[in-house]
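User: I am new to this structure. Please show me how to read its features, one at a time.

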Amino acid sequence: MSGTKLRFRQIHLDFHTSPDIEGVASEFDPELFAKTLEEARVNSVTCFARCHHGLIYYDSVLHPERVHPHLVRRNLLQEQIDACHRRGIRVPIYITVQWDHYSAMEHPEWLSVSEDGAILAGPEEIIQKPFNPGFYHVLCLNSPYRDFLFAHTGEVLERFHPVDGLFFDILFPVSCACNHCKRAMLERGMNPHLDADRMKFSQMTINEFKREMSAFVRSRNPEATIFYNRGHIGTPHREVKDAYSHFELESLPSGHWGYLHFPATVRYARRLGLDCLAQTGKFHTMWGDFHSFKNKAALEFETFNMLALGAKCMIGDQLEPKGKLSQPVYDLIGAVYKEVERKEPWCIDADPIVEIGVFTPEEFMGAGGGELPEALRGAVRMLQESAHQFDVIDSASDLSKYRVVILPDNIPVDESFAGKLEAYAKTGGGIIASFESGMNAEKTEYRLPGVEIRLLAEQTKDIYGELVRGKHYRRFDYADYVLPSGEIGKGLPETEHVMYSKGVEVTAGAGTEVLAKTVKPYFNRTYRQFCSHRQAPSSGEFGSDAILRGGNTIFFAHPVFSQYNRNAPRWCKQLVNNALEMLLGKAMITHDGPSTLLVTLNRQHHEKRSVLHLLHYIPERRSVDIDIIEDVIPLYNVSFSIEARGAVRRVACVPDGAELPFEVRDGRVNFSVPKISGHQMVVIE
């Protein structure tokens with residue numbers, strides 16, 4: 001495995017260039033190329049060996065027919081590498097895997113197909129139709145294409161020895177029913193007629209390919225970095241992480257990922273034991289958006305948030321066909337990377353300080369995955385808005401790091417997992433679970449420690465006799481109400497609060513405390529009975545139990561996290577925060593700033609200091625398609641109270657070094673930050 005430390009200021013330089021464009025690299029000047037990168041403070045750039053068009057950007061001996069037909073500089077990649085190396089810039093090499101238009105057209109027998117014989121284009125049964133533009137024909141790694149990939153990679157390793165690293169792009173499972181997969185599945189005793197078996201086999205194939213390819217690369221260059229990209233890092237990566245030298249988290253907020261994907265993903269990936277590199281783009285929207293510019297404030301937020309969450313920075317760009325970097329683009333990138341460079345000393349080897357672990361439902365969603373589950377999105381939103389310090393975890397994670405763990409909405413618990421939670425609870429760990437989390441696979445009983453939850457025999461059903469719990473809130477058919485009071489209702493009026501998604505109907509067993517009850521509406525909304533535009537109002541009649549506590553476990557009967565992701569009722573967040581306070585006591589960090597202020601705390605152990613990151617940038621839905629950050633709105637005189645970890649001798653704003661008055665009282669350090677303009681780091685020594 002490579003021991004190379006990832007650099008903080010990287011570029012991923014796409015070069016997917018159509019064979020119909022002439023004069024490719026005709027204006028490429030190697031010295032100007034490297035000088036532009038250096039002046040923008042870039043210290044690593046990923047350049048292309050072979051793109052999604054299937055074309056090669058060096059003078060290939062093995063596959064001369066694949067060299068771009070209009071490539072003027074026949075050894076473009078070599079010139080890029082040599083010029084960058086002279087300036088101390090690393091150059092990992094890009095190789096496409098499952099998308100290769102040249103191979104797809106020349107070898108249709110290598111394509112992945114659906115059970116209906118259609119050409120697959122993506123992981124979610126996306127079809128590439130004959131007249132759809134694009135190179136999204138998925139190639140099958142069980143076909144002879146696999147042999148081509150190893151031969152091509154071998155040539156790259158030999159031709160550019162020693163390569164700095166390899167970036168293999170597009171590796172995701174698809175439900176492939178091609179002849180190669182069907183034969184291989186039958187040999188393994190799997191059923192090619194079943195979609196679940198095809199997806200499982202596809203994930204197995206990808207994992208085997210990664211292990212085999214990494215062994216191949218390391219046998220020739222043990223120091224090269226290796227990464228395999230599927231556009232998302234999630235629970236399927238745990239079992240094959242040894243094939244990677246590091247993780248790169250592709251997450252362009254202006255693409256389909258949005259602003260919530262990166263924090264949720266990095267909070268999981270950073271605990272898998274590999275260095276993390278986060279990737280956004282300079283584009284206003286998505287990859288290949290030529291001659292567009294991300295707002296500077298947005299690019300600042302995206303890169304500074306990477307630092308705050310323990311990742312190195314990468315910005316995606318696409319080299320224009322003639323091979324000349326856009327100076328305005330690198331003026332923009334340089335303005336941001338110069339600030340990243342100033343901040344780096346307080347980000348090197350910084351580990352997150354956390355007290356909460358959030359289980360991800362992704363683990364139980366099968367091989368497809370990729371899309372963040374609603375419940376996880378809601379949990380991340382809530383906790384970030386409340387300044388809580390947390391990781392995203394799975395059932396294999398070490399729970400001893402956390403004072404409280406959260407099972408949001410859809411986390412099944414088998415006997416083994418139940419035993420792990422039981423052992424955790426016995427050490428004093430707190431548990432918050434909601435809706436169907438904690439149920440067995442059959443959804444007939446709960447297996448949560450300390451709390452006895454009994455499912456009522458009759459759950460609410462619709463007029464067709466189907467269970468309605470957790471129904472999408474927009475139907476407004478089966479909403480009910482929660483009546484908060486006492487400690488769990490702190491900060492809320494003692495009156496009905498609507499729960500738009502129907503919960504599980506439960507009652508408390510022996511030794512279990514009821515913290516809040518549901519209140520029934522007059523009736524459920526149907527064509528025969530309805531009131532006004534949405535749900536019927538409260539009837540005043542109590543229904544089933546809404547919030548239960550037993551020992552250190554608190555249970556919410558409603559899918560509060562999915563609901564928060566959908567329409568963000570403040571009372572759902574308040575109820576969860578109250579539950580956390582009941583289990584944690586005072587949170588690790590509190591402040592009197594707005595909920596739009598993002599707060600993370602890291603520890604540099606070798607420097608014996610903690611670093612507080614404060615970010616205040618507000619994504620705004622100014623368009624139908626994407627969120628926009630354009631303005632930086634400063635905050636003034638925000639007070640903080642942070643759990644002290646040992647004696648505190650100094651609190652200061654960095655990198656500028658202005659020292660802050662502070663007070664240590666009751667094991668907490670208290671201070672005020674006079675101004676937060678975008679991103680401010682505070683060091684606590």
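User: Is Ala 387 buried or exposed?

Analyst: A word first: this is a predicted model. Ala 387 has a relative accessible area of 3%. Under 20% counts as buried, so Ala 387 is buried. Its place is in the loop between α10 (374-385) and β11 (390-393).

User: What is the phi of Ala 387?

Analyst: Start with the general idea. Most residues other than glycine have a negative phi. Ala 387 has a positive one, near 65°. Asn 637 is another case: its phi is about 55°, and it is not a glycine. Asn 637 lies in strand β24. Asn 637 is exposed, because its relative accessible area is 54% and the cut-off is over 50%.

User: Which residues does a cis peptide bond join?

Analyst: Again, the general rule comes before the case. Most peptide bonds are trans. Here a cis bond joins His 161 and Pro 162, with omega about -10°. Pro 162 sits in the loop between α4 (145-159) and β4. Another cis bond links Val 654 to Pro 655, with omega about 5°. Pro 655 belongs to the loop between β25 (651-654) and β26 (662-665).

User: Now sheets. What is the order of the strands in the open sheet of eight?

Analyst: Strands of a sheet pair through backbone hydrogen bonds, either parallel or antiparallel. In this open sheet the order is β5-β4-β3-β2-β1-β8-β7-β6, and the pairing is parallel. The edges are β5 (225-229) and β6 (247-250), each pairing on one side only. On average, neighbouring strands are turned by 25° against each other, direction ignored. Look at one pair: β2 (residues 44-50) and β3 (residues 93-96) are parallel over three bridges. There, Cys 47 of the pair has Ile 93 in β3 as its bridge partner.

User: Which helices pack on the sheet?

Analyst: Helix α6 (residues 195-220) packs on it, touching β4 (165-169) and β5. The direction of α6 makes about 155° with that of β5. Helix α9 also packs on the sheet, touching β1 (9-14) and β8 (312-318). Its direction makes about 155° with that of β1.

User: Where does Gln 279 lie, and what is it in contact with?

Analyst: Gln 279 lies in strand β7 (residues 276-281). At 4% relative accessibility, Gln 279 is buried. Leave aside neighbours within four places in sequence. Its contacts then include His 12, Phe 167, Trp 287, Met 306 and Met 314.

User: Where is there antiparallel pairing?

Analyst: Strand β21 (residues 589-591) pairs with β24 (residues 635-643) in the antiparallel sense, over three bridges. Ile 589 stands opposite Ile 642 in β24. Strand β24 also runs antiparallel to β27 (residues 668-676), joined by eight bridges. Tyr 636 stands opposite Lys 675 in β27.

User: At what angle do helices α8 and α9 cross?

Analyst: The axes of α8 (residues 296-308) and α9 (residues 327-343) cross at roughly 30° and come within 10 Å. Angles under 35 degrees count as roughly parallel, so α8 is roughly parallel to α9. The crossing is right-handed. Among the residues in contact are Leu 299 and Phe 304 of α8, and Ile 333 and Val 336 of α9. By class, this contact has nine nonpolar, one polar and four charged residues.

User: How do α12 and α13 pack?

Analyst: Helix α12 (residues 560-567) packs on α13 (residues 570-584) at an angle of about 145°, with axes 9 Å apart. The crossing is left-handed. Phe 561 of α12 and Val 576 of α13 are among the contact residues.

Notes. Residues are numbered from 1 along each chain as its sequence is written. This is a predicted model: local features need pLDDT of at least 70, side-chain atom pairs count only at pLDDT 80 or more; totals for chains, interfaces and linings use all residues. Side-chain values use heavy atoms; hydrogens and water are left out. Axes are lines fitted to C-alpha atoms, for helices over the stretch in contact, and angles run from 0 to 180 degrees between N-to-C directions. Helices (H or I, at least four residues) and strands (E, at least two) are DSSP runs, numbered from the N terminus. A crossing is left-handed if the near helix is turned anticlockwise from the far one by less than a right angle, and right-handed if clockwise. Contact means heavy atoms within 4.5 Å. Two strands pair if DSSP finds at least two bridges between them. Angles under 35 degrees count as roughly parallel, over 145 as roughly antiparallel, 65 to 115 as roughly perpendicular and the rest as oblique. Ala, Val, Leu, Ile, Met, Phe, Trp, Tyr, Cys and Pro count as nonpolar, Asp, Glu, Lys and Arg as charged, and the others, Gly among them, as polar. Buried means under 20% relative accessible area, exposed over 50%, partly exposed in between (1.4 Å probe, protein chains only).
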